Amino acid sequence: MSRQINREQSPWRALTVPYASIMLASFLPAVFLATVMPIFPPLGFVMLVAWRVMRPGLLPLWVGVPLGAFDDLFSGQPFGSAILLWSLTMIALEIIESRIPWRGFWQDWFAASLAIIVYVLSAIVVSGADLTPFLMFAAVPQILFSVLFYPVLARMVARLDRFRLARSRRVG
């Protein structure tokens, strides 16, 4: 007899795991020391994109506002930049999802990579820094690391989603 009989998923866990993982990923870069060049990827944004691409209907369209505000508190960017950029990303990914509903891993990675590249470059513009060739060159390692790190975070999101939907509560 299986232990899964007479079990259901926890509604609390099903609702909080995506948001908690994105918030933890936004907080994580603040734990590490600041360096001269930005090498560490914007983990909160990449986690948001991974959740949105892996589970398209899970996060509402407006979630970029509160999660972007939380990210703005820890990222060092001007307040409101992540709110704007995360909201625009959610809208863009929704448009891509409506145009191309059936995708594979490579298309998802391409869409996420495009979102990451546009986000990092837009964050540089929104930060108010002087746009110099050196600054653009300094952003290349962060962009490359973020794009190459996306499959790892996508796998982590898949495992978190499995944990989120696992049966744990006893019925009755």
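1. Ile-22 is in contact (heavy atoms within 4.5 Å) with Gly-44, Met-47, Leu-48, Trp-51, Leu-59, Leu-67 and Trp-86, when residues up to four places away in sequence are not counted. The model is predicted: local features need pLDDT of at least 70, side-chain atom pairs count only at pLDDT 80 or more, and totals for chains, interfaces and linings use all residues. Residues are numbered from 1 along each chain as its sequence is written, and side-chain values use heavy atoms, with hydrogens and water left out.

2. Ile-22 also belongs to the largest nonpolar core, which has 35 residues; Ile-22, Leu-48, Val-49, Trp-86 and Tyr-150 touch the most other members. Such a core is a set of buried Ala, Val, Leu, Ile, Met, Phe, Trp, Tyr and Cys residues joined through side-chain atoms within 4.5 Å. Two or more residues each come from helix H1 (11-31), helix H2 (43-54), H4, helix H5 (105-127) and helix H6 (133-164). H2 gives the most, with nine residues. Helices are DSSP runs (H or I, at least four residues), numbered from the N terminus.

3. H2 and H4 pack at an angle of about 25°, their axes being 11 Å apart. The axes are lines fitted to C-alpha atoms over the stretch in contact, and angles run from 0 to 180 degrees between N-to-C directions. H2 is therefore roughly parallel to H4, a term for angles under 35 degrees.

4. In this contact, Gly-44, Phe-45, Leu-48, Val-49, Arg-52 and Val-53 of H2 meet Trp-86, Thr-89, Met-90, Leu-93, Glu-94 and Glu-97 of H4. By class there are seven nonpolar, two polar and three charged residues. Here Ala, Val, Leu, Ile, Met, Phe, Trp, Tyr, Cys and Pro count as nonpolar, Asp, Glu, Lys and Arg as charged, and the others, Gly among them, as polar.

5. Thr-89 lies in helix H4. Thr-89 counts as buried because its relative accessible area is 11%, where buried means under 20%, exposed over 50% and partly exposed in between (1.4 Å probe, protein chains only). Apart from neighbours within four places in sequence, Thr-89 touches Phe-45, Val-49 and Ala-115.

6. Ser-87 is placed in helix H4 (residues 81-99). With 16% relative accessibility, Ser-87 is likewise buried. Gly-64, Val-65 and Ala-82 are in contact with Ser-87, residues up to four places away in sequence not being counted.

7. Trp-102 lies in the loop between H4 and H5. Trp-102 is exposed, at a relative accessible area of 77%. From C-alpha to C-alpha, Trp-102 and Leu-67 are 27 Å apart in space, and they are 35 residues apart in sequence.

Notes:
Angles under 35 degrees count as roughly parallel, over 145 as roughly antiparallel, 65 to 115 as roughly perpendicular and the rest as oblique.
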